[in-house]
2 protein chains.
Amino acid sequence: MNMDIAAVNALPYEDFVNIFGNVVEKCPIITAAVWSRRPFVNFTALEAAISEFIDELPESGKEGILRCHPDLAGRDLHGGTLTRESREEQAGAGMDALNSVEASNMARLNEEYKERFGFPFVICARMTDKANILRQLSERCRNERAVERARGIEEVKKICRLRLQALVVSEASNKL
Amino acid sequence: MNMDIAAVNALPYEDFVNIFGNVVEKCPIITAAVWSRRPFVNFTALEAAISEFIDELPESGKEGILRCHPDLAGRDLHGGTLTRESREEQAGAGMDALNSVEASNMARLNEEYKERFGFPFVICARMTDKANILRQLSERCRNERAVERARGIEEVKKICRLRLQALVVSEASNKL
């Protein structure tokens with residue numbers, strides 16, 4: 001069902017941005033920039049181009065990416081204003097089904113994290129579960145700001161990879 | 001009615017991004033990055049921080065910004081999917097009231113422009129009118145790509161300034 005890389009490379013920029021614009025949450029500029037780097041030889045090259053664009057941003061730009069992410073189990077989830085991708089990822093990790101103790105812990109730790117760092121806690125929810133998310137959030141609150149900025153960006157890249165894999169044939173799944 | 005700069009500086013990043021996230025069309029990452037630079041001494045400092053962030057992007061990133069912009073009188077206008085800011089700006093310049101000759105000229109020139117440059121024609125619609133937009137579109141189609149990329153970014157900054165002025169008290173309007 002996914003597109004192969006030749007089909008990706010043939011897309012006009014408008015279609016490319018429509019399809020891939022949210023592989024980094026609310027940052028269509030990244031997708032739109034990376035279109036300049038086509039043709040991509042394979043999935044890995046497309047993913048690498050996105051990753052390199054992110055790496056070349058100033059530190060403020062990396063913080064900007066993090067600030068475009070919603071809180072886990074936060075007001076966007078409760079208000080129905082998550083992007084489709086985030087909604088599915090948060091639901092998959094049980095963020096829409098916290099008991100009241102978990103919900104209040106999550107809310108308190110999210111606020112503590114944002115107060116300390118000035119950006120939200122970002123984690124690839126699809127690769128973990130509720131208990132681990134709460135544990136990581138609690139632990140990562142104690143990191144240094146620069147460490148946590150880099151850690152958040154690593155998670156952004158994991159999220160990006162999974163979102164891309166839902167759209168494009170990757171080498172791992174391509175048994176030629 | 002607009003916020004003064006002290007109120008802007010007091011905003012948590014989530015409110016800052018909610019309020020200013022579209023001063024550069026569909027690029028909340030820029031606003032979110034610039035929050036790292038607060039406090040801003042005045043309107044001009046806020047505008048300058050955005051402008052500097054844009055200038056420091058690689059050329060592909062500048063093209064990415066342009067590709068986040070809709071066509072003038074294009075499918076987003078006709079389909080009702082423009083952002084509020086773009087809809088008001090395009091309507092103000094008469095883009096929603098083209099006669100059939102103007103509409104077909106606009107469509108043809110937009111396609112020609114995008115085919116040539118790989119990004120859309122961007123112009124600060126509030127600072128011009130229908131006749132001038134058509135003339136500029138026709139003329140700018142003949143520029144070199146690098147010239148036109150820089151020209152598009154100049155227009156992005158003009159659009160940004162007007163969107164900011166609708167939200168924040170600027171020195172020009174601040175008779176202290």
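A:Ala7 lies in helix H1 (residues 5–9) of chain A, helices being DSSP runs of H or I of at least four residues, numbered from the N terminus. A:Ala7 is partly exposed, with a relative accessible area of 31% (buried means under 20%, exposed over 50%, partly exposed in between, with a 1.4 Å probe and protein chains only). A:Ala7 and A:Leu66 are separated by 59 residues in sequence and by 30 Å in space, C-alpha to C-alpha. The model is predicted, with local features requiring pLDDT of at least 70 and side-chain atom pairs counted only at pLDDT 80 or more, while totals for chains, interfaces and linings use all residues. Residues are numbered from 1 along each chain as its sequence is written, chains are lettered from A and ligands numbered from 1 in the order in which they are written, and side-chain values use heavy atoms, without hydrogens and water.

In chain A, helix H4 (residues 43–56) packs against helix H10 (residues 145–165) at an angle of about 150°, with the axes 11 Å apart. H4(A) and H10(A) are therefore roughly antiparallel (angles over 145 degrees). Residues in contact (heavy atoms within 4.5 Å) include A:Phe43, A:Leu46 and A:Ile50 in H4(A), and A:Ile153, A:Val156 and A:Cys160 in H10(A).

B:Asp71 is placed in the loop between helix H5 (59–67) and helix H6 (75–79) of chain B, and is buried at 11% relative accessibility. Beyond its neighbours within four places in sequence, B:Asp71 contacts residues including A:Tyr13, A:Glu14, B:Gln90 and B:Lys114.

How values were computed. Axes fitted to C-alpha atoms, helices over the stretch in contact; angles between N-to-C directions. Helix = DSSP H or I, 4+ residues; strand = E, 2+ residues; numbered from the N terminus. Parallel < 35°, antiparallel > 145°, perpendicular 65-115°, else oblique.
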